[in-house]
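Thank you all for coming; I would like to take a few minutes to walk through one structure with you. Please have a look at the sequence and the model first, and then we will go through it piece by piece.

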Amino acid sequence: LQKHWETELMGIDELAQRAARLAKLRSKSGYGSIYKAPDIQISGEPTPLPAHLLEIHHPLQSIFEHYPMAIKMELRMLEELIGCKLKRVEVDTGRKAAPHVLFELQLD
């Protein structure tokens with residue numbers, strides 16, 4: 001998948017565009033991934049929400065439970081594909097389902 005995604009991202013230089021395109025590619029592969037930019041405004045001022053990928057379904061979750069090192073491998077792959085550091089956060093859904101996964105783009 002990484003090789004396929006690299007090919008699909010060729011020629012896209014802007015990080016936000018790369019992240020948005022990668023989210024679409026991952027969704028096609030079953031990850032339920034969406035890209036959110038920090039464009040929400042309250043009282044005319046942008047909120048401090050970071051740009052991020054949100055994955056509401058992750059087909060590798062059961063593998064990650066048995067092989068936690070694979071989480072770091074995936075994170076490194078996504079960082080290489082997007083071109084910036086990411087912070088991975090698991091978001092508890094409040095149900096007995098697997099958590100959603102949030103990848104915050106570290107643009108600083």
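Let me begin with a term: I will speak of a salt bridge where a side-chain nitrogen of Lys or Arg lies within 4 Å of a carboxyl oxygen of Asp or Glu. Please also keep in mind that what you see is a predicted model.

With that term in hand, we can turn to R26, which forms a salt bridge with E55, with 2.5 Å between the closest N and O atoms. This pair links distant parts of the chain, since R26 sits in helix α2 and E55 in strand β4, 29 residues apart.

Through shared partners, R26, E55 and E74 form one network of salt bridges.

E55 brings us to strand β4, residues 52-55, which is covered on both faces: H52 and L54 on one side, and L53 and E55 on the other, are all buried. Strand β4 runs antiparallel to β1, residues 33-36, and four bridges join the two, with I34 standing opposite L54. Strand β4 also pairs with β6, residues 100-106, again in the antiparallel sense and over four bridges, and there V101 is the bridge partner of E55.

Let me turn to the nonpolar side chains. The largest nonpolar core holds 20 residues, and those touching the most other members are W5, L22, I82, L86, F103 and L105. Helices α1, α2 and α4 and strand β6 each give two or more residues to this core, and the largest share, five residues, comes from α4. Leaving aside neighbours within four places in sequence, L105 is in contact with residues including A19, Y35, L53 and I82.

Finally, for the chain as a whole, there are four helices and six strands, and 34% of the 108 residues count as buried.

Notes. Residues numbered from 1 in each chain as written. Predicted model: local features only at pLDDT ≥ 70, side-chain atom pairs only at ≥ 80, totals over all residues. Heavy atoms only, no water. Buried < 20%, exposed > 50% of the residue type's maximum accessible area, 1.4 Å probe, protein only. Pairing = 2+ DSSP bridges. Core = buried A, V, L, I, M, F, W, Y, C linked by side-chain atoms within 4.5 Å. Contact = heavy atoms within 4.5 Å.
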